[in-house]
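Here is a short report for someone meeting this structure for the first time. Please look through the sequence and the model before reading on.

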Amino acid sequence: MIEHDLRRRGIRDERVLSAMLRVPRHRFVPPALTMEAYADTPLPTQDGQTVSQPYIVALMTEALDVSPGICVLEIGTGSGYQTAILAELGAKVWSVESSASLHRDAASRLGELGYAGVRLRHGDGTLGWPHEAPFDRVLATGSLPNCPKALLTQLRPGGVFVGPVGRLGSQRLVRIEVDPPEVREQTLCHCSFVPLIGAGGWRSGRDQEA
Ligand code: SAH
């Protein structure tokens with residue numbers, strides 16, 4: 001997976017590649033899908049949610065530019081796979097999940113695998129985690145109609161947001177760097193993520209409007 005799906009498709013950051021080598025993805029997918037855990041494809045978890053495709057996880061992580069000790073807010077803990085990759089890179093991770101059962105399962109899985117230092121919360125992450133702000137990085141692992149202002153204001157100067165923004169079913173993966181008074185936005189690729197439902201996201205997974 002590392003050589004064929006990540007390095008050959010352009011992931012260059014050795015820190016990201018080695019973090020992905022260390023995290024056992026098979027522990028984050030349902031037991032029936034263990035054999036597919038290292039295929040470059042998103043896999044279903046509970047409640048109609050997914051563990052993101054490894055290439056996309058690598059691309060997002062590379063775009064975040066994570067170095068040890070920096071503070072990262074993740075929105076959409078899901079299985080905890082991306083959370084584990086960020087922790088492997090030495091980041092201090094805060095992650096919010098809106099599904100109680102996914103939050104609970106991710107908390108016990110991450111604890112079992114030794115990622116006990118990550119801070120997990122059950123709730124709506126589309127408005128960030130104001131009490132713990134500011135963050136150096138914010139990563140949305142589900143789609144948003146646009147990047148909520150609340151998330152950008154929880155970034156430190158020089159901070160970076162990465163996430164999919166656009167329509168339900170079709171988004172641009174963007175990297176937004178906030179360097180007041182400038183805000184620079186770059187499109188990394190086109191993509192399709194499950195929606196983030198919440199005050200700063202979609203009203204439901206079926207709306208066409210936020
Ligand atoms: N990062 C995950 C993939 C997450 S998929 C992984 O590596 O496995 C997106 C997740 O966002 C889903 O688990 C979904 O339940 C969650 N979600 C949806 N709306 C949310 C919200 N408003 N706040 C936090 N999480 C949300």
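What follows covers the aromatic pairs, the charges beside them, and one aspartate.

The model is predicted.

**Aromatic pairs**

The structure holds 2 aromatic pairs. The table lists them.

| Pair | Distance between ring centres | Angle between planes |
|---|---|---|
| Phe28 and Tyr81 | 5.6 Å | 65° |
| Trp94 and Phe135 | 5.6 Å | 70° |

Phe28 and Tyr81 are edge-to-face, because their planes stand at 65° and the cut-off is over 60 degrees. This pair links distant parts of the chain, 53 residues apart. Phe28 lies in the loop between H2 and E1, while Tyr81 belongs to helix H4 (residues 81–88). Both residues, Phe28 and Tyr81, are buried.

Trp94 and Phe135 also form an edge-to-face pair, with planes at 70°. Here two strands are linked: Trp94 sits in strand E4 (residues 92–97) and Phe135 in strand E6 (residues 135–140). The two residues are 41 residues apart. Trp94 has 8% relative accessibility, so it counts as buried. Phe135 is buried too, with a relative accessible area of 0%.

**Charges over rings**

Which residue lies over the face of Tyr81? It is Arg25, at 5.5 Å from the ring centre.

**Asp40**

Asp40 is in the loop between helix H2 (14–22) and strand E1 (43–44). Its side chain makes a polar contact of 3.1 Å with the side chain of Gln53. The Asp40 side chain also reaches the backbone nitrogen of Tyr55, at 2.9 Å. Beyond residues up to four places away in sequence, Asp40 touches Asp5, Arg9, Gln53, Pro54 and Tyr55.

Key
Residues numbered from 1 in each chain as written. Predicted model: local features only at pLDDT ≥ 70, side-chain atom pairs only at ≥ 80, totals over all residues. Heavy atoms only, no water. Helix = DSSP H or I, 4+ residues; strand = E, 2+ residues; numbered from the N terminus. Polar contact = N/O pair within 3.5 Å; in protein donor to acceptor, adjacent residues only side chain to side chain. Contact = heavy atoms within 4.5 Å. Phe/Tyr/Trp six-rings, centres within 6.5 Å; stacked < 30°, edge-to-face > 60°. Buried < 20%, exposed > 50% of the residue type's maximum accessible area, 1.4 Å probe, protein only. Lys NZ or Arg CZ within 6 Å of the ring centre and 35° of its normal.
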